[in-house]
Amino acid sequence: MIKAITGTRDILPQDIPKWKYLENIVNGIFSKFNYKEIRTPIFEETALFARSIGETTDIVSKEMYSFIDRGGTSVTLKPEMTAAVVRALIEHSLEKKQSLNKFFYISPMFRQERPQAGRFRQFHQFGAEVLGSNDPLLDAEIIIMAYDILSSLGLKKIVVKINSLGVPESREKYKLILAEYLKKYHDKLSAQSKKRFDSNILRIFDSKENQDQKIMEHAPLLIEHLDDESLEHFEKVKVALLGANIPFEIDAKLVRGLDYYTHTTFEIVSRSVGSQSALCGGGRYNLLVKELGGGDIPGIGFAAGMERILLACENEKSFSVKEEEIDIYIVTLEKELIQKAYQFAVNLRRSGLIVDLDYLSRSVKAQMREANKASAKFVIFFGGNELNQKEIVMKDMKTGVQVNIKFDDVDKIIFTIKGR
RNA sequence: GUGACCAUAGCUCAGUUGGUUAGAGCAUCUGGUUGUGGCCCAGAAGGUCAUGGGUUCAAAUCCCAUUGGUCACCCCA
């Protein structure tokens, strides 16, 4: 039997309603903040991601679905969206048509990691990107939208964590200070963290090893070594968040893995999912557009994992979607009438009702069971004596009440059913 | 990439110290007098016990390999 590729999965009809519910909330909130949807191709030139995310990051160095196409170009299924949005901005000179661009997206992403709870190889993200302003109000706006979406879904066990990475110059200075501090403890670091010492020293803060955590407790923090401008920026973000009633924690250890971040970074984590607890994450990237060959355009954005969010929603039972109903199920009383019943059904559908009927020549009892299973609001019995009288019998499945209706009057009942 | 655990019907799971024809609940299908659902009742269908090898008189059960899955590390949404 051929099965879905490892780390991918089907979203079956029974699961679609909750996905649509989520998508509706996402669309609604983004549009209230006047963000415009953007859709980019599912794959891009590999170089785009390598240059933006960073050659040495895990995503680029070992998680990308890359292949050489028949023209000899190395292409990659998108592992994240920011690079693609920035590429589109530059390619279409969007910043010249409008100096501030606010985008949002909902799209599948691909990363070849080992699957586990809340992590897949094809997964779905929604997110937003703002290009063209360094205003800290936008940093806050991004966080507010992410928070509002999650709380609109009814999620309670979430925590907003924010931090500032400052500008590269102060960060590089700080890295030297941190390295100086860690040299004293280098022998006591875990093997993992010894590697991080050389590759990405900031990540040692993330270590789950006890020995590392002990050492890092007293380590100098980046936030204490920010330049004045970065501190001021960060302050304004905090004030805006407080004004919007967003509960947040400052997590000086919050270091994000993508190379392009500057200033604000944030994450919203859930306490009701497994160890992959980050529901969304993002930050400011003031240097990325220039790095990709565009103008000196600051940006900020975030991405949220939809599978993780739905997992959290399920665990918290944070919302429920009502089952999908159909308006009318047509029960055909004599099998040879199926053609006429079918025509009748098509007409009702063209009038705007959701209608179904039996295609398996089943008994009336079986058809009724089917109508019930399909959550039909009404059943129309088609055939018998009533057909000779140019009537059908209509049954309200909730109350059980049945009425006879003349063919000529069917239009009227359509109107009343639509209103329900 | 590393580690741990798991694999019996469509789904969730029983299955004794290895012992005859592998079970249940749910779901599916058909009925329970002419043309009426849910609840209830009766019945039916559905399994190469993941795959391949080995041990044994005998394997769903023990051993090995393979494949798949789950969770965790790493990293991230």
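The structure is a predicted model, and the values given here were computed from its atoms.

**A sheet and its helix**

Three strands form an open sheet in the order β2-β4-β3, and their pairing is antiparallel. The edges of this sheet are taken by β2 (43-45) and β3 (66-68), each of which has a single partner strand, so one side of each is left without a neighbour in the sheet. Averaged over the sheet and with direction ignored, neighbouring strands are turned by 35° against each other. The pairing of β2 with strand β4 (residues 74-77) runs in the antiparallel sense over three bridges, and Glu44 has Thr76 in β4 as its bridge partner. Helix α2 (residues 46-53) packs on the sheet, where it touches β2, β3 and β4, and the direction of this helix makes about 80° with that of β2.

**The cavity**

Rolling a probe the size of a water molecule over the atoms shows where empty space is left. In this model, the count comes to one cavity of 30 Å³ or more, and the largest cavity has a volume of about 40 Å³. The residues that line the largest cavity are Asn163, Leu165, Tyr174, Leu202, Phe205, Leu221, Leu222, Ala252 and Val255. By kind, this lining divides into eight nonpolar residues, one polar residue and no charged residue.

**Two residues and their surroundings**

Ala146 has its place in helix α6 (residues 136-152), whereas Ile354 is found in the loop between α13 (338-350) and β13 (355-357). Ala146 counts as buried because its relative accessible area is 2%, which is under 20%. Ile354 has a relative accessible area of 46% and therefore counts as partly exposed, a class that lies between 20% and 50%.

When residues up to four places away in sequence are not counted, Ala146 touches Phe266, Ile268, Cys280 and Phe302. With the same exclusion, Ile354 touches Glu325, Ile326, Asp327 and Ile328.

Technical notes
Residues numbered from 1 in each chain as written. Chains lettered and ligands numbered in written order. Predicted model: local features only at pLDDT ≥ 70, side-chain atom pairs only at ≥ 80, totals over all residues. Heavy atoms only, no water. 1 Å grid on protein atoms, 1.4 Å probe; cavity = no way out; pocket = protein on both sides within 12 Å on 5 of 7 lines; lining within 4 Å. Points joined across faces, edges and corners; volume = space filled by probe spheres on them. Nonpolar A, V, L, I, M, F, W, Y, C, P; charged D, E, K, R; others polar. Helix = DSSP H or I, 4+ residues; strand = E, 2+ residues; numbered from the N terminus. Buried < 20%, exposed > 50% of the residue type's maximum accessible area, 1.4 Å probe, protein only. Contact = heavy atoms within 4.5 Å. Pairing = 2+ DSSP bridges. Axes fitted to C-alpha atoms, helices over the stretch in contact; angles between N-to-C directions.
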